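New notebook page. I want to get my bearings here, one chain at a time, and jot down what I find.

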Amino acid sequence: MEEQYQVLPGPEAFLPPAAASQGIVLPDPGQAHIEGRLVDEEEAYEYAARKLLGGKVPTIFPGPLVLWKWNEKAAKKASAIRRLANALPARLIPMADYRPKYPKIDPAVEINPNHPNLTIWHNKIDVCIFVGVHCHQANLALKIIRGGTDCYTIAMCAQAGHEDACLSFRDISPETIDKLAATVERLKKEGVESQAIPFEQFVMSREGVVKGDV
Amino acid sequence: MNKKVDGQNSRILLSEKVKVGSKGPVNLTVADPNEMFFEAKRKPAFLTGSEVIKEAIRRANLDMSVAYPITPQSEAAALIGELFSEGYLKEYFRGESEFAVMGQCAGAAFGGARVFTTTAGPGTLRAMENFPMWAGSRLPIQVCVTCRGINSPLSIQPDTLELYYMLETGALVWHAETAQDLYDWILGGFMVAEQPDVHLPLALACDGFFVTHTKDNVMIQEDEICLPEYDPYRSPVPCMDMEVPPIRMMRDPFVMKSNYISYMTHASWQQEVRAAIDRSRKHTKVIMGGSLIETENLDREILLVSSGTAVSQGREAIRLLEEEGIKVGLVKIKSLRPFPFEELREATANAKTIFVPEFNVAGWLAREIKACIPDNQRVIAGPHVAGGMTMPSEVIVMEIKKGLGMKVEALSGRG
């Protein structure tokens with residue numbers, strides 16, 4: 001009997017396998033997955049909220065689909081992400097684009113799908129959320145993170161979800177992002193304290209960082 | 001090893017932008033594919049495979065097709081041209097070569113179009129560089145591969161060797177046995193290939209002449225309904241503009257940098273394409289009747305396992321053997337990528353001998369099967385024919401009798 005593969009934080013391997021090739025199946029509508037196990041999405045909200053509150057450096061990586069106002073829904077999602085970040089609290093580090101950057105990225109203020117481990121290592125991020133990242137690029141980054149870091153990854157996907165994340169929602173919307181924020185707020189009221197190390201969120205303009213010690 | 005995924009109770013998932021009942025090309029009405037495939041009224045038609053391609057494309061809400069002549073797909077490509085003249089496609093033209101055709105298809109797909117083309121044999125090989133590029137760029141283009149021999153020496157006749165080359169391109173690869181498979185899978189193929197978690201090209205193969213040029217009874221939908229249009233905004237990658245962020249991947253590829261992480265990113269990219277093939281399983285099963293394989297009488301000790309029209313020849317061979325009291329079961333492999341590993345292990349669990357008839361000299365399907373089942377000495381790679389030879393059912397009968405240690409007369413005097 002072959003043991004069922006689990007999608008757990010790494011460091012996993014020199015070149016970890018794609019979780020799909022290990023038999024992990026994406027959730028159907030109304031479901032999520034936790035470490036490869038298909039669950040009702042209600043269970044995943046609670047689990048994700050506890051993971052995020054338990055992290056020392058919880059971080060949200062918003063991608064191009066929510067960083068730019070492609071449409072009104074994108075703007076609403078961006079606002080909901082801001083509310084979630086405030087509720088935790090969590091750092092926001094953008095994945096503004098996908099092209100490899102050389103000679104190097106600034107890992108304090110950006111993450112890149114081709115070498116996302118640099119940002120995880122630099123900031124000592126132990127739990128993160130991918131949101132608004134195109135699915136292919138998200139899977140690429142999630143797998144590399146699993147390969148070389150011990151970060152717990154959560155995907156909030158607007159499409160079918162990500163089996164390369166340790167936990168993945170699917171079909172997310174501004175309402176579902178708010179629902180995760182509401183779950184965080186409820187747990188805090190119930191006495192679950194955020195373990196996040198105090199931080200100051202940097203602010204960037206087109207000219208670069210305008211606020212924050214980075 | 002894939003985990004078996006339930007496809008029986010699932011449905012084809014649609015973009016939220018789909019408006020069922022809206023107007024499609026000409027006078028067609030956009031249908032929910034779940035109703036179109038499984039509930040809509042069908043009518044009988046007596047068509048060649050080429051005509052079946054035309055009828056499927058008529059209902060596919062296709063944006064564009066590019067044609068280039070090569071036997072045996074030329075007729076299908078020309079018939080799609082007729083559809084263009086009737087207004088069913090937005091664009092249709094002849095490319096300069098198969099290589100150009102596949103590049104032009106890529107350009108259209110990058111721009112958000114639903115694209116279909118056809119090729120065969122040497123054309124498939126001439127175009128080959130494009131297929132991994134399609135897959136790596138996550139373009140859900142559908143190419144119908146009407147299999148024929150590969151030069152040299154020149155052959156225009158049926159032969160499935162080209163499919164061996166297609167298996168690791170990163171594309172989905174399905175192998176139709178009949179014109180009905182071809183019709184249903186062209187339409188269903190777009191719905192699978194365009195799922196955001198899949199979003200890969202589909203090489204839908206059929207055996208040249210045996211399927212393309214032979215008339216068969218096919219049940220087709222009334223020509224009043226069509227598929228919903230493609231929604232490129234569900235793509236897992238942004239449009240790969242060569243110059244502009246957020247991607248610019250073609251201009252600044254990570255392979256230009258020589259370090260561990262650049263190479264690992266490329267490896268991860270390739271893994272992700274293959275992961276997408278695995279993800280297609282649950283969507284594919286919905287349109288293939290619940291499984292990537294079809295089976296008959298798996299309790300028997302002798303099994304025929306094959307794909308394409310070799311399955312049809314196997315069915316007749318099984319009937320002939322039955323008359324002599326030799327009982328043989330059948331496994332039809334419908335999808336080659338994703339390959340039905342777990343399904344095959346289960347289906348062949350009781351078999352003592354497994355014969356794999358194939359229309360190619362390499363016996364690649366037998367190798368695939370040997371690689372995934374335990375005790376693979378059970379697999380007998382044959383019979384083989386190639387170069388356009390037919391595979392009379394009697395040849396399969398003879399191979400099975402020989403395998404059972406029975407004395408048989410050679411059929412070499414034929415022709």
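This is a predicted model: local features need pLDDT of at least 70, side-chain atom pairs count only at pLDDT 80 or more; totals for chains, interfaces and linings use all residues.

Started with chain A, where I counted six helices and nine strands.

Next I looked up the overall size of chain A. Its C-alpha atoms fill a box of roughly 55 × 45 × 35 Å along the principal axes.

Then burial: 50% of the 214 residues in chain A count as buried. I also checked contacts in chain A between residues at least 6 apart in sequence, and 66% of them join residues at least 24 apart.

One helix got its own entry. Helix α5 of chain A covers residues 135-148, which makes 14 residues. From first C-alpha to last, α5 of chain A reaches 20 Å, close to the 20 Å expected at 1.5 Å a residue. I found 13 of its 14 residues buried, so α5(A) is largely enclosed by the rest of the structure.

On to chain B, which has 13 helices and 16 strands. Its radius of gyration is 21 Å against 22 Å from the globule rule for 415 residues, so chain B is as compact as a globular protein of that length. The box around the C-alpha atoms of chain B is roughly 70 × 55 × 45 Å, again along the principal axes.

Of the contacts in chain B between residues at least 6 apart in sequence, 80% join residues at least 24 apart.

How values were computed
Residues are numbered from 1 along each chain as its sequence is written. Chains are lettered from A and ligands numbered from 1 in the order in which they are written. Helices (H or I, at least four residues) and strands (E, at least two) are DSSP runs, numbered from the N terminus. A residue is buried if 20 or more other C-beta atoms lie within 10 Å of its own, exposed if 12 or fewer, and partly exposed in between; C-beta atoms are placed from the backbone. Two residues are in contact if their C-beta atoms, placed from the backbone, lie within 7 Å. The expected span of a helix is 1.5 Å times one less than its number of residues. The radius of gyration is taken over C-alpha atoms; the globule rule is 2.2 Å times the number of residues to the power 0.38.
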